[in-house]
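Reader: I would like a close look at one part of this model. Please take the helix packing, and go through it step by step.

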Amino acid sequence: AQVEPGVAEPVRRLISAQPDTDDAVRARQSLLRLLMQLCQHLSKEQLAMLVQRFRLKQQLQRVLAEEKRRQRVILSAIAHQLLVMFQTALPDDGKEASPSAT
């Protein structure tokens with residue numbers, strides 16, 4: 001097919017390229033990876049205290065739901081890995097945490 005003068009060809013993306021990778025998505029990805037790196041080097045007790053204090057399980061559950069809804073595979077995977085790490089550190093969710101309406 002011949003391209004008419006003045007008409008741009010459609011942009012071709014690599015399969016791995018994400019069309020919605022904007023600054024907000026890159027920032028969220030960087031923050032999740034940073035949180036992962038910080039948490040990996042904590043003891044189980046330190047991680048449990050951090051998870052409980054900042055309600056990280058609940059926060060990450062919301063992030064995971066949003067990223068799945070938007071079909072952002074990489075962000076969903078990172079959020080899921082963090083949730084698994086948090087569940088290992090604080091398996092009895094709700095017993096130690098203060099009650100709150102969410």
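Author: Start with a loop residue. At 28% relative accessibility, Arg55 counts as partly exposed, because that value falls between the 20% and 50% cut-offs. Arg55 sits in the loop between α2 and α3. Its phi is near 50°, a positive value in a residue other than glycine. Keep in mind that this is a predicted model.

Gln71 lies in the loop between α3 and α4. Phi of Gln71 is near 60°, and Gln71 is not a glycine. Gln71 counts as exposed because its relative accessibility is 68%, and the cut-off for exposed is over 50%.

The chain contains four helices and zero strands. Read from the N terminus, the order of elements is α-α-α-α. The chain has 102 residues, and 26% of them count as buried. Take the contacts between residues at least 6 apart in sequence: 71% of these join residues at least 24 apart.

Now the core. The largest nonpolar core holds 21 residues, and the members that touch the most others are Leu32, Leu47, Leu60, Leu82 and Phe86. At least two core residues come from each of α1 (23-40), α2 (44-53), α3 (56-69) and α4 (73-89). The biggest contribution is from α4, with eight residues. Look at Leu82 in particular. Leaving aside residues up to four places away in sequence, Leu82 touches Leu32, Leu35, Met36 and Leu60.

Next, the pairing of α1 with α4. Their axes come within 10 Å and cross at roughly 25°. That angle is under 35 degrees, so α1 and α4 count as roughly parallel to each other. The crossing of α1 past α4 is left-handed. On the α1 side, the contact uses Val25, Arg28, Gln29, Leu32, Arg33, Leu35, Met36, Cys39 and Gln40. On the α4 side, the partners are Ile74, Leu75, Ile78, Gln81, Leu82, Met85 and Phe86. Sorted by class, this contact has 11 nonpolar, three polar and two charged residues.

Then α1 with α3. Here the axes come within 13 Å, and the crossing angle is roughly 140°. α1 and α3 are therefore oblique to each other. This crossing is left-handed. From α1, the contact takes Arg28, Leu32 and Leu35. From α3, it takes Leu60, Val63, Glu66 and Glu67. By class, there are four nonpolar, no polar and three charged residues in this contact.

Arg28, Leu32 and Leu35 of α1 meet α3. Those three residues are also among the α1 residues that meet α4. Leu32 is also one of the core members with the most contacts to other members. Leu60 has that standing too, and Leu60 belongs to the α3 side of the α1 contact.

Last, a residue of α2. Gln46 lies in that helix. Gln46 counts as partly exposed because its relative accessibility is 41%. Gln46 and Ala89 are 43 residues apart along the chain, yet their C-alpha atoms are separated by 8.7 Å.

Definitions and conventions:
Residues numbered from 1 in each chain as written. Predicted model: local features only at pLDDT ≥ 70, side-chain atom pairs only at ≥ 80, totals over all residues. Heavy atoms only, no water. Core = buried A, V, L, I, M, F, W, Y, C linked by side-chain atoms within 4.5 Å. Buried < 20%, exposed > 50% of the residue type's maximum accessible area, 1.4 Å probe, protein only. Contact = heavy atoms within 4.5 Å. Axes fitted to C-alpha atoms, helices over the stretch in contact; angles between N-to-C directions. Parallel < 35°, antiparallel > 145°, perpendicular 65-115°, else oblique. Left-handed = near helix turned anticlockwise from the far one by under 90°. Nonpolar A, V, L, I, M, F, W, Y, C, P; charged D, E, K, R; others polar.
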